Structure formats: structure tokens, C-alpha cells
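Here are a few exercises to work through with the model open on your screen. Try each task before you read its solution.

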Amino acid sequence: MASSGVSSKQRSEEEWRAVLSPEQFRILRRKGTELPGTGEYNKFYGDGVYNCAGCGTPLYKSTTKFDSGCGWPAFFEGLPGAIKRTPDPDGRRVEITCAACGGHLGHVFKGEGFKTPTDERHCVNSVSIKFTPSS
Ligand SMILES: [Zn+2]
């Protein structure tokens, strides 16, 4: 596959396969989903930033994480410009991906009644993100 030249964070399928674990590859590059309640960050609330597990771009601040009870890490807001939204082909859900590398994060839902500033729920696979504590 020829490089699109859009971003240095874009890689070919073979390159991703080489740098990601099989589970990361399945979720980030094949739009898979981890089993609910199993993710490393499902009930984790440290202070810091969550970066893309694929390319390291900062995606979410820990201050925007909340307990949705859905079984996956939930955030009410991404860092500006970090998250790309694409409606699923069936038009029922909106996929969220890392804007830098295109890695699949999960889906975003709106208007569910959560008491957050945005009333949005970014439902993100723990496998797709990597937490860095604030120093
Ligand atoms: Zn990324």
C-alpha cells in the first residue's frame, strides 16, 4: 500500500501488525471490541492523560472520565481535534477513531442523560488507550 503522506503516524497493515499486540491489532485496526468489564481502565481513575495505544497521541484527560457502568472506559469529551467521528454504515452508531493514526477507539453516544458537561459518552476500549500519570 502506498503511503498517503497524510501523517507520519499512518502505517501499513504489516507495520501495525509488527508493532501492536494481537489484541491491539484486532481492536485498533480491525474495529474489534473487548469484552465488557474486562478492560484495564474500566474502573480506573488515576490522574493523567490517556494516549492512543497505537501512535501515542494524547486523546483524553482523566478529568473527563466518568463511571458510566457500561463495562468500558467512558469519557464525556476528547482532547480538541484528537478524536475523529464517523457514522457507522448502518447509521445507528458513531465510530470514534484516533485522528492521527486512524486507530479504532470505540463509539460515541449522545443524550443518554448522564450528568456530565456534554451528555456524551465516548465508549472506549481499554486496549486502544494507554494511561500516563501526571507528574
Ligand atoms: Zn493513534
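For the metal exercise, a donor is an N, O or S atom within 2.8 Å of the metal, or within 3.2 Å for Na, K and Ca. Keep in mind that this is a predicted model.

**Exercise 1. The metal site**

Find which residues coordinate the zinc ion, and work out what arrangement their donor atoms make.

Step two is to read the spacing along the chain, and the donor residues follow C-x2-C-x42-C-x2-C. Look at where two of them sit: Cys55 is in the loop between strand E1 (48-52) and strand E2 (58-61), while Cys101 is in the loop between E6 and strand E7 (104-110), so this pair ties together parts that are 46 residues apart in sequence. Both Cys55 and Cys101 are buried.

Step three is the geometry. Four donors count as tetrahedral if all angles lie between 85 and 135 degrees. Around the zinc ion the 4 donor atoms subtend 105 to 113°, so the arrangement is tetrahedral. For reference, the ideal angle for four tetrahedral donors is 109.5 degrees.

**Exercise 2. Asp88 and its surroundings**

Is Asp88 buried or exposed, and which residues does Asp88 touch once those up to four places away in sequence are left out?

Solution. Start with the location: Asp88 sits in the loop between strand E5 (83-87) and strand E6 (94-98). Next, check the accessibility. The cut-off for buried is under 20% relative accessible area; Asp88 has 15%, so it is buried. Finally, collect the contacts: leaving out residues up to four places away in sequence, Asp88 touches Arg93, Val94, Glu95 and His107.

**Exercise 3. The whole chain**

Work out how many helices and strands the chain has, and what its radius of gyration says when set against a compact globule.

Solution. Count the elements: there are 2 helices and 9 strands. In sequence order they run α-α-β-β-β-β-β-β-β-β-β.

Then the size. A compact globule with 135 residues would have a radius of gyration near 14 Å, and the chain agrees, because its value is 14 Å. Along the principal axes, the C-alpha atoms fill a box of roughly 45 × 40 × 30 Å.

Last, look at the packing. Of the 135 residues, 47% count as buried. Among contacts with a separation of 6 or more, 52% come from residues 24 or more positions apart.

**Exercise 4. The annotated stretch**

Find which residues the UniProt annotation "domain: MsrB" covers, and what share of them is helix and strand.

Solution. According to the unreviewed UniProt entry, "domain: MsrB" covers residues 13-134. Over residues 13-134 the chain is 12% helix and 33% strand. The end C-alpha atoms of this stretch are 32 Å apart.

Conventions. Residues are numbered from 1 along each chain as its sequence is written. This is a predicted model: local features need pLDDT of at least 70, side-chain atom pairs count only at pLDDT 80 or more; totals for chains, interfaces and linings use all residues. Side-chain values use heavy atoms; hydrogens and water are left out. Helices (H or I, at least four residues) and strands (E, at least two) are DSSP runs, numbered from the N terminus. Buried means under 20% relative accessible area, exposed over 50%, partly exposed in between (1.4 Å probe, protein chains only). Contact means heavy atoms within 4.5 Å. Four donors count as tetrahedral if all angles lie between 85 and 135 degrees; four count as square planar and six as octahedral if opposite donors are over 155 degrees apart and all others between 65 and 115; anything else is irregular. The radius of gyration is taken over C-alpha atoms; the globule rule is 2.2 Å times the number of residues to the power 0.38. UniProt positions are given in the numbering used here, feature names are shortened, and annotations may be inferred rather than shown by experiment.
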